[in-house]
Amino acid sequence: MTVAEAGLSGKSYALLADGTTLTIRPAGPGDYEPVRRLHEEMSPDNLYFRFFTASKASAEREAGRVCLDDIPGVVALVGLLDAELAGLASYELVSGTATAEVALAVADGKHRRGIATLLLEHLVTLARARGVKAFVAEILPDNYDVLHVLSDSGLAMRRRSGNGVVELSMPVPRLAALGEASAYLDAVAGRDMRADAASLQPLLNPRSVAVIGTGRRPGSVGRMILLNIRDAGFGGALYAVNPHGAGVEGIRCVPSVAELPEAPDLAVVTVPAGHVVEVARKCGDRGVRALAVITAGLTTAQESGLLQAARRGGMRLAGPASCGVAVPGAGLVATTAASHPAPGRTGLVAQSGGVGTALLEQFSRLGIGISSFASVGAELDISGTDMLLWWEADNTTELALLHMESFGNPRWFARTARRVSAKFPVLTVHAGRSAPGQRAAASHTAAAAAPLLTRQALFEQAGIIAAPSFGEMLDAAALMASQPVPAGNVVGIVSNGGGAGVLAADACAEADLVVAVTGAQARSRLGEILPAEASLDGPVDTTAAVSAEAFGAALRIVADDGVDAVIAVVVQRVSADLLPVLTAGRLPVPAAAVVLDQPETVRLLPGQGTGPAVPAYAYPEAPARALARAARYGSWRSRPASTVPELTGLRAADARSVVDSFLAGMPGGGWLSGEGGDSLLRCYGIAMVEFRRAADADAAVKAAAELGGHVAIKADVPGLLHKSAAGAVQLDLHGAGEVRAAMGRLQGVFGAAMSGVLVEPMIAGGVETIVGVVQEPVFGPVVVFGLGGIDTNALGDHAARLAPLTGADADDLIHCLRASPALLGHDGRAPADIGALRDLLLRVSRLADDLPEVAELDLNPVIARADGVVAVDARIRVTSRRLADPFLRQLPG
């Protein structure tokens with residue numbers, strides 16, 4: 001395996017603890033002198049710690065070992081800061097084993113920046129890809145720096161002391177067993193959050209800003225952003241760059257980046273597309289630390305040049321095609337938006353500049369304050385994941401909203417989003433759901449939009465609240481920015497018009513909310529304050545004759561009647577002014593209002609005193625859907641954490657041999673034979689129906705008798721995948737006569753193309769399901785479950801989850817189907833063996849994660865019965881392609 005196949009390109013970039021960029025690449029002959037100097041220039045103590053001797057000759061030997069000697073089993077990575085060697089990490093295989101001795105070295109003066117730790121992470125990825133099972137090291141007991149690096153890495157560690165050294169053994173974690181690797185990945189994630197937040201400081205908390213390309217024309221984009229920054233009260237230094245050097249309304253202007261009086265933290269670039277790369281290079285040379293590139297329309301080559309300029313200069317990049325960044329609390333509004341957002345606790349990120357501008361305008365209209373905003377445009381560098389990491393660390397954000405059309409590293413995004421969603425709600429919209437939408441998204445972002453089913457799986461596993469439209473996302477944002485998360489899905493409704501209450505009840509039922517029935521005590525209290533004509537059962541209809549005071553009291557009574565949320569439905573023109581009572585105090589549960597005769601689709605009614613703002617909607621469907629989404633999120637957040645379970649009876653090494661043997665004979669990959677697929681599945685304890693291969697009618701009759709006489713026959717035709725659709729399956733055969741007749745029919749259809757048949761016992765009863773896996777090129781292995789059989793695609797009742805599955809993920813797959821009642825038992829039918837079905841899903845997930853070469857796996861049908869589950873047919877396609885490590889810390893580029 002090459003370095004690139006392991007997830008590393010020939011050269012990669014990653015963030016150190018202080019947010020600066022480390023360049024990482026394999027060591028080569030040209031590194032001999034720098035490696036030798038790095039060791040020679042070590043202090044005597046550090047040299048002794050590394051080699052157990054203070055002899056300078058050790059430096060020459062080490063440089064030769066990692067750079068020149070081409071020793072089998074030696075892998076070395078160098079880390080560069082500003083093209084200068086800063087660190088070295090290597091391992092050397094112990095002869096005849098899958099164990100490697102690891103060594104780390106950092107240049108004096110560059111310690112405590114995370115260099116050794118970052119190089120170690122990349123070394124772990126390479127070692128895992130090359131089959132190394134464990135690292136070992138011998139370290140002097142007082143070499144505290146290296147001991148801390150290894151102990152804090154997250155790697156499991158066995159430690160033994162003797163002969164004056166500390167002997168360490170560290171298993172290389174398998175990504176397939178995230179339960180095993182979770183401590184390591186948690187440690188990596190913690191370092192990633194801190195490093196990412198530090199790297200975004202110049203972008204989102206800059207001390208100085210330069211706008212490049214301000215232009216002399218009033219209303220130009222650069223000029224607009226410059227004045228927005230000034231008018232928002234930015235307290236740092238602000239500069240304009242314009243080749244004419246003319247000041248802009250008193251703001252200092254210089255003709256070039258090189259002539260800036262200081263290196264600004266942030267440069268906002270608005271020059272024409274043909275000049276962007278050159279400007280970015282000059283920014284890097286000047287010491288700029290972050291770029292927001294507003295310019296759109298760059299070619300692929302220009303985008304590549306821009307990213308390389310950012311990497312070479314150690315700059316983080318938002319854009320191109322960004323509409324800017326904003327942190328209102330710091331007085332930074334470097335955007336093209338006409339309105340200046342208020343400071344607050346909602347974080348926004350948008351890929352589209354137009355959508356980003358619209359979000360800012362809508363949030364300004366609603367009065368929802370912003371903690372920080374970034375428009376990431378083409379997402380060459382900074383992504384939604386980066387912003388989630390920033391919000392996780394900023395101690396300000398309490399609600400996040402993302403509008404993303406593509407994902408850079410979905411598995412790392414999912415892991416990050418799951419962690420962040422456990423702290424506060426994360427909202428998004430399903431952008432690019434339709435085929436035209438996906439084409440537009442791909443054209444717009446130059447990245448493939450994720451398939452809807454896969455994207456939905458990601459959102460559900462990560463606890464992300466996903467709305468199908470921009471409007472519904474805003475509806476949910478208005479609710480969650482102002483109200484707490486409901487504890488359940490029971491909703492009380494109070495209206496001043498019966499028909500309006502009915503509309504709200506219908507909307508709640510359609511959103512899978514439960515409309516509360518008023519309790520006896522609450523009925524009694526309501527009867528004392530409402531007109532005699534009022535309906536008290538629930539929804540509560542106060543009638544139009546209600547006073548504002550009585551309506552407010554009724555709302556409080558219903559909110560205290562065991563409900564999880566309340567909806568107040570008001571028609572303003574038929575009653576006294578009821579709106580002030582909606583925000584007069586804090587209710588014990590979340591509240592939303594429907595004002596049927598308001599012009600706005602959604603607005604926030606300002607809170608009074610200690611009361612929070614209350615979202616008011618023009619239509620009852622909007623708060624019902626928003627509350628339903630919030631309730632599902634609350635349920636997700638409150639359930640116990642689930643892990644990837646340990647499975648028994650696995651023979652992973654045997655499975656690896658099956659795949660390797662197949663690829664040795666067919667290097668390009670292909671479909672496993674029936675016997676090969678059966679052998680692979682049994683390595684993971686996956687039960688396939690028993691079968692016999694038969695070459696002719698006599699052999700088929702014999703096989704049928706051995707299998708009990710009631711059988712199915714399937715034609716074995718090379719290259720034929722969908723057997724039922726092609727007429728290659730004969731079912732429900734009894735006795736020799738029917739078997740011979742079926743063989744005649746198959747031979748008549750397929751002739752010499754048929755190499756034989758597979759004879760299987762008929763499986764009666766049960767529910768036909770499909771269990772499958774696809775190695776999605778962006779998301780990695782995805783497990784699909786649904787109704788199976790010949791009509792599986794037509795039925796369209798499928799769900800998906802990203803592997804590896806936790807126990808909760810497997811349960812969700814089973815229960816989220818429309819047809820799940822058929823599995824759980826209904827109309828007097830016995831339920832299927834849900835435990836066995838759950839176990840099958842977990843085993844298929846483990847297989848897919850262990851063997852990324854398995855590109856497709858279809859078990860269809862899988863018969864789920866009360867006495868267990870059995871796969872009747874299997875199709876498995878194997879490829880030589882391996883997926884890169886999705887959890888490796890590295891920047892694009």
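How many of the residues of strand E18 are buried, and which strands pair with E18?

Analyst: First, the ground rules. This is a predicted model, in which local features need pLDDT of at least 70, side-chain atom pairs count only at pLDDT 80 or more, and totals for chains, interfaces and linings use all residues. Residues are numbered from 1 along each chain as its sequence is written, and side-chain values use heavy atoms, leaving out hydrogens and water. Helices (H or I, at least four residues) and strands (E, at least two) are DSSP runs, numbered from the N terminus.

Strand E18 covers residues 370-375. Here 6 of the 6 residues are buried, so the strand is largely enclosed by the rest of the structure. Buried means under 20% relative accessible area, exposed over 50%, and partly exposed in between, with a 1.4 Å probe and protein chains only.

E18 has pairing to strand E15 (residues 324-327), antiparallel, over 2 bridges. Pairing requires that DSSP finds at least two bridges between the strands. Ala 326 has Phe 373 of E18 as its bridge partner. E18 also pairs with strand E17 (residues 343-350), in the parallel sense, over 6 bridges. There, Thr 346 faces Ile 370 of E18. From E17 the chain passes through helix H10 (residues 353-366) to reach E18, a right-handed β-α-β crossover. Right-handed means that, with the strands pointing away from the viewer, the path from the first strand over the helix to the second runs clockwise.

Next, a buried charge. Glu 303 sits in helix H9 (residues 300-313). Glu 303 is buried but forms no salt bridge, and the nearest side chain of opposite charge, Arg 311, is 13 Å away. A salt bridge puts a side-chain nitrogen of Lys or Arg within 4 Å of a carboxyl oxygen of Asp or Glu. Lys and Arg count as positive, Asp and Glu as negative; His and the chain ends are not counted. Leaving out residues up to four places away in sequence, Glu 303 touches Leu 298, Pro 320, Ala 378 and Leu 380. Contact here means heavy atoms within 4.5 Å.

Now a sheet, for context. This open sheet has 8 strands in the order E1-E2-E3-E4-E5-E6-E8-E7, with mixed pairing. Strands E1 (12-15) and E7 (158-162) stand at the edges with a single partner strand each, so one side of each lacks a neighbour in the sheet. Twist averages 25 degrees from one strand to the next. Angles run from 0 to 180 degrees between N-to-C directions, and axes are lines fitted to C-alpha atoms, for helices over the stretch in contact. E7 pairs antiparallel with strand E8 (residues 165-171) over 5 bridges. Within E8, Leu 168 stands opposite Arg 159. Helix H1 (residues 32-40) lies across strands E4 (84-93) and E5 (99-106), at about 95 degrees to E4.

Last, some backbone points. Most residues other than glycine have a negative phi, and most peptide bonds are trans. Phe 52 has a positive phi near 65 degrees. Phe 52 is in the loop between helices H2 (44-51) and H3 (57-67), and is partly exposed at 31% relative accessible area. Arg 112 also has phi near 65 degrees, but counts as exposed at 72% relative accessibility. A cis peptide bond links Gly 538 to Pro 539, with omega about 5 degrees. Another cis bond runs from Asn 860 to Pro 861, omega near 0 degrees, and Pro 861 belongs to strand E37 (residues 854-865).
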